[in-house]
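Please keep the viewer open while you go.

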Amino acid sequence: MSVPLLSLLAFPSLVIAYTWKFDSPPQQCSNLTISVSGSDGKLPYRVLILPFGPSPLANNIEARTIIDQPFPDGASSVSFKLNYPGDSQFVAILSDATSFGSGGTSVAVGVASSSDSSCFDATTNVAPKFVFSIEPPNQVVQCVPTRIWWDNSTVVGQTNFLGVIPGGQSFSIPESNITNIISQGTGFSWTPNLRGGTTLMIVGGDSRGNGTAGSSLNLVSSGPNNIGSCLNDASPSSTPGSPAGGSYATSIPGTGNSSGGGKNNVGAIVGGVIGGVVGLLAIGLILLCFFRRSRTDKNREKHPVNLFNVDEGDEAPAGAAGGNSRNELPEYYQPEPFTVPDPTVASTYDEDFGGTNSEGRPLSGYASTSRSGTPDILSSYGGGSTTTNGRKGYLRQMRPINIIQHDDAGPSMPHRPPDEEVETVELPPAYTNIRQ
């Protein structure tokens, strides 16, 4: 036996003996025509149309139903009304008398819009004849048993379940060992021999036709253990190459009066415009704050704060009142440096009162040098009034005092004997160039 023949026997499901196509692009509420080519198919043919993806109608109303359309006896083409809204999608599976999905499965096909919307109700959700569930809920795991179950009282005749892989292979799900579980219902266990990442649609039906129980869309998971014992080369998967059905649009933007589609587009446009305006405003505010901060930093570099030197232009203009700079203190607060008296020169106090100590140091002699407008601080000590020659009428004897000027006022007086009481007065520095 030759190698090519062995390959065909090993992969029988990948060999499609006939082909089919859409004679015209699918359109909302228009006739859809499908034609079969080739003589290898066994009559009669049958096409199954499954809704795919979300509904484009307002409020997610699902008006699409599963279409199980048989071909006329002996015919290789069929035409029927597609009661799907524009901007929606569907998957088509073609079968002949030999097996389900023998003609291949299309990928998601886009439906064009039209002005005719009489073929569906855009305000009411459709419902299947009966429903089925899977366990574990809403998940299909590679090579892990999955239970499919339903309420047997809602079924007519024999149930059947189909597996559909868009753009790949479709197959019948074998039903064996049907059991009843009180907490669930009637069902069976199926081990999916599908690889993780495969898109799978499970379709349920009974004697009334395929799809009477609706369909579920699942993404096969590899599971935490990635079990692959059930996988082999014949495992159903997406078919490489061109999908069945010929060339067609997979998605079509709304061009007609499709209900809900226009509203969704307007909402998306308005939302995009508002989001863009908000984004531009946010960017503008950020740039404004950045420029203002940069300008403030530049001004600080050009005009640093100087506590010791007068900046240029700070002097008062010539002829201004007082003639002082803006940083100069008022006359009342002008500092007057302290002058240390010469211990070798006798003061006027010595002459008038003979007030010297044992070392010949004057005892706080006083000669008036008071300024106009300045309070006579020493009057609080001496209590007398100032005479015209600057002398006090009466001065009480005062203790020796060491005065320390903190602005580098010179050396302090010589140390006194330890038995002599000395009072220390600290004077703060005079800050004359503090910037206002």
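1. Strand β7 (residues 109–110) pairs with β6 over two bridges, in the antiparallel sense. Helices (H or I, at least four residues) and strands (E, at least two) are DSSP runs, numbered from the N terminus, and two strands pair if DSSP finds at least two bridges between them. F90 has V109 as its bridge partner in β7. Please keep in mind that this is a predicted model: local features need pLDDT of at least 70 and side-chain atom pairs count only at pLDDT 80 or more, while totals for chains, interfaces and linings use all residues. Residues are numbered from 1 along each chain as its sequence is written, and side-chain values use heavy atoms, with hydrogens and water left out.

2. On to β6 and its other partner. Seven bridges join β6 to strand β3 (residues 46–52), and the two run antiparallel. P51 has F90 as its bridge partner in β6, and L48 stands opposite I93 in β6. Strand β6 (residues 89–95) is mostly covered, with six of its seven residues buried; buried means under 20% relative accessible area, exposed over 50%, and partly exposed in between (1.4 Å probe, protein chains only).

3. Which order do the strands take in the open sheet of four? The order is β4-β3-β6-β7, with antiparallel pairing. β4 (67–70) and β7 stand at the edges with a single partner strand each, so one side of each has no neighbour in the sheet.

4. Four bridges connect β1 with strand β2 (residues 31–37), and in β2 the bridge partner of F22 is I34.

5. S37 lies in strand β2. Is S37 buried or partly exposed? It counts as partly exposed, because its relative accessibility is 38%. The C-alpha atoms of S37 and W20 are separated by 5.8 Å, with the two residues 17 apart along the chain. Not counting residues up to four places away in sequence, S37 touches Y18 and T19 (contact means heavy atoms within 4.5 Å).

6. The aromatic side chains deserve a look too. The structure holds eleven aromatic pairs; rings of Phe, Tyr and Trp (its six-membered ring) pair if their centres lie within 6.5 Å, and planes under 30 degrees apart count as stacked, over 60 as edge-to-face and the rest as tilted. Y18 and Y45 form a tilted pair, 5.2 Å centre to centre with 55° between the planes. This pair links distant parts of the chain, 27 residues apart: Y18 is in the loop between α1 (3–10) and β1, and Y45 in the loop between β2 and β3. Both Y18 and Y45 are buried. Ring pairs also link W20, F22, Y84 and F90 into a cluster.

7. Last, G205 in strand β14 (residues 199–205). G205 is buried, with a relative accessible area of 0%. Its contacts beyond four places in sequence include F130, Q158 and G211.
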